[in-house]
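Please take a moment to look over the sequence and the three-dimensional structure before reading on.

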Amino acid sequence: MNYKAPLKDMLFVLNEVAGLAEVNALPGCLDATLDTAEAVLEENAKFCAAVVAPLNAASDREPSYWHDGQVTTSKGFKEAFKAFAEAGWQGVQHPPEFGGQGLPKLLATPCIEMLNSASISFALVAMLSDGAIEALLTAGSAAQKATYLEPLIGGRWTGTMNLTEPQAGSDLPAVRTRAVPQGDATFKVFGTKIFITYGEHDLAENIIHLVLARTPDAPAGVKGISLFVVPKFLVNADGSLGERNDVHCVSIEHKLGIKASPTAVLQFGDHGGAIGTLVGEENRGLEYMFIMMNAARFGVGMQGIGLAERAYQKAVAFAKERVQSRGLAGSPGPVSIIHHPDVRRMLMSMRAQTEAARALAYVGAAIGDTAHHHPDAATRAANLAVYDYLVPVIKGWSTEMSQDVTRDGVQVHGGMGFIEETGAAQHYRDSKILTIYEGTTAIQANDLVGRKTVRDGGAVAHSIIAQVRATEAQLARLTDGDHGANFKAILNRLSGASSDLEVVVTYVAGTMKSDILAVFAGSVPYLKLAGIVLGGWQMARAAIIAHNKLAAGDGERAFFEAKIGTARFFADHLLSQASSLRIAIIEGSAGVLALTEDQF
């Protein structure tokens, strides 16, 4: 089954739920009209469906491979990336002064989703470049920006993020890579980095590595980490490529999923030292790298959503075609399996979770645009705080959701889902890495607890819950009209779930000092609770908008009624989980911590 972008839902969420008009009114976003959005999304959908999506299954069967230090990517990737770059897709959200289109994050987000639906392995090279671009825009020197940004944004070069080392996975204080100053504003870098996505490939002329390393006199721990630009090929003063730098790929990993994306082991400095330049100030590297990490974490959340959409489309197509058993309502003969209630339940679960995660991510993107572009500093700061709260939720919840959705996609296929030729198994395999890289779900949850909840005493979280309450008040006014039973159910579930979240936020902020182990024992359930409640909130908002459209006689009746029905399903089947999560968070730490190490 070929991938077809869900443009109707994307444009509905973009325009009606995320508020494209409000983003369009921001300084620097005046080109982001609805007409522009429709044109950009339609062109991107065509490109992803025609050029990238057909490569997904074949590249899983014949992935990228390493030989003698060189990586050859899967058949078709090189031509597809050339077309991607020449069409300007790498630069959608980046500044025009460096060759980008300068469109807001809200408009770039559905493009990111579509690319990931088409092929996560292919989309990863663009995602890592986006992160490198953001870091250089924020902390790079004028010379670094002039040298690297235009080729990165134009797709002639690509970027990487080099954090992990063999002895230091997520434990960044253990980073040992060295950067020795040469007295001419350059450094020689020595060390090994692992799990480097697209650390070596044949898609672009140059690869720009952003590398965490320590200078000789750096303090211990995270305070002594600096960030360096280390290109694969050195760059001459005129922008042309010079000699090969002393950074080499010694192997790539053999993986469960995303097989076509080369995951490299890079060796720096085996032949005298890899030449790099410092980004920003010494010992602030982790701060700068988190700019890349935040961009990448949002991008991984979009990977989860894109993959879930692809799995849902495949499962629906199979369920409509596969004939199996008589219908329970007394059909005269066998029916397609979409008529069986449990298959309906799985498809509705896949659809509802994907739509909720999409809505939350697009709303997050709009908040990010406001944080970046609004003329008032206080408004920017307030929106940035909300965006920062949402990023670990978007990353953590959307990727956990994608595992559930792709698993159900296999289940809908039955035995054929276990057979590789259907493609359902690939989606399931590909989804697993999303909860691991760019910070595991537990790391996202720890961030949500420590930096995003406890640090401000839960103020931002409570401010978001107050917005949920405003939506509940709107729902209450619709419980007696058309679709009244649906809105009553949505209201009951959302109000209960938001109360659960409120109680948990208060518990987390108030218990951290007295019982830190108990709080972190419930950190992942807290993240899932936040995702479910905030996703359910967006589904409720979408249902209200759909109701108003129907009342106004605005066309697309089937679409709007489906939106209300899907929101009802989310309320009954997902929001109803909130109370059990609250119990696990507040009362469940005793069980988590019950056994001694020796008892395991």
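This is a predicted model: local features need pLDDT of at least 70, side-chain atom pairs count only at pLDDT 80 or more; totals for chains, interfaces and linings use all residues.

Two or more lining residues come from each of helices H6 (105–118), H7 (120–139), H9 (285–321), H10 (341–373), H11 (377–413) and H13 (441–454). By residue class, the lining of the largest pocket consists of 22 nonpolar, 14 polar and 11 charged residues.

The second largest pocket has a volume of about 1000 Å³, and its lining is made up of 36 residues, with Ser 170, Ile 436, Tyr 437, Glu 438 and Gly 439 the closest to its centre. Strand E5 (187–197) and helix H12 (424–432), together with H9 and H13, each give two or more residues to this lining, which divides into 18 nonpolar, 10 polar and 8 charged residues.

Leu 593, which is found in the segment after helix H20 (589–592), counts as partly exposed because its relative accessibility is 45%. Met 350 in helix H10, by contrast, has a relative accessible area of 0% and is therefore buried; its C-alpha atom is separated by 52 Å from that of Asp 238, a residue 112 positions apart from Met 350 along the chain.

The structure holds 28 salt bridges. In one of these, the closest N and O atoms of Arg 345 and Asp 342 are 2.6 Å apart, and because the two residues are 3 positions apart in helix H10, about one helical turn separates them. Arg 345 is partly exposed at 38% relative accessible area, and Asp 342 is partly exposed at 42%. Asp 447 pairs with Arg 451 in a salt bridge whose closest N and O atoms are 3.3 Å apart, and these residues, being 4 apart in helix H13, are likewise separated by about one helical turn. Here Asp 447 is buried at 7% relative accessibility, whereas Arg 451 is partly exposed at 45%.

A further salt bridge joins Asp 572 to Arg 493, with 3.7 Å between the closest N and O atoms. This pair links distant parts of the chain, since Asp 572 belongs to helix H18 (residues 557–573) and Arg 493 to helix H15 (residues 484–511), 79 residues apart. Finally, salt bridges with shared partners join Asp 9, Glu 113, Glu 309, Arg 351, Glu 355, Arg 358 and Lys 563 into one network.

Conventions: Residues are numbered from 1 along each chain as its sequence is written. Side-chain values use heavy atoms; hydrogens and water are left out. Ala, Val, Leu, Ile, Met, Phe, Trp, Tyr, Cys and Pro count as nonpolar, Asp, Glu, Lys and Arg as charged, and the others, Gly among them, as polar. On a 1 Å grid over the protein atoms alone, a cavity is a set of points where a 1.4 Å probe fits but cannot get out, and a pocket is an open set with protein on both sides within 12 Å along at least five of seven lines; lining residues have an atom within 4 Å of a point. Grid points are joined across faces, edges and corners, and a volume is the space filled by probe spheres set on the points. Buried means under 20% relative accessible area, exposed over 50%, partly exposed in between (1.4 Å probe, protein chains only). A salt bridge is a side-chain nitrogen of Lys or Arg within 4 Å of a carboxyl oxygen of Asp or Glu.
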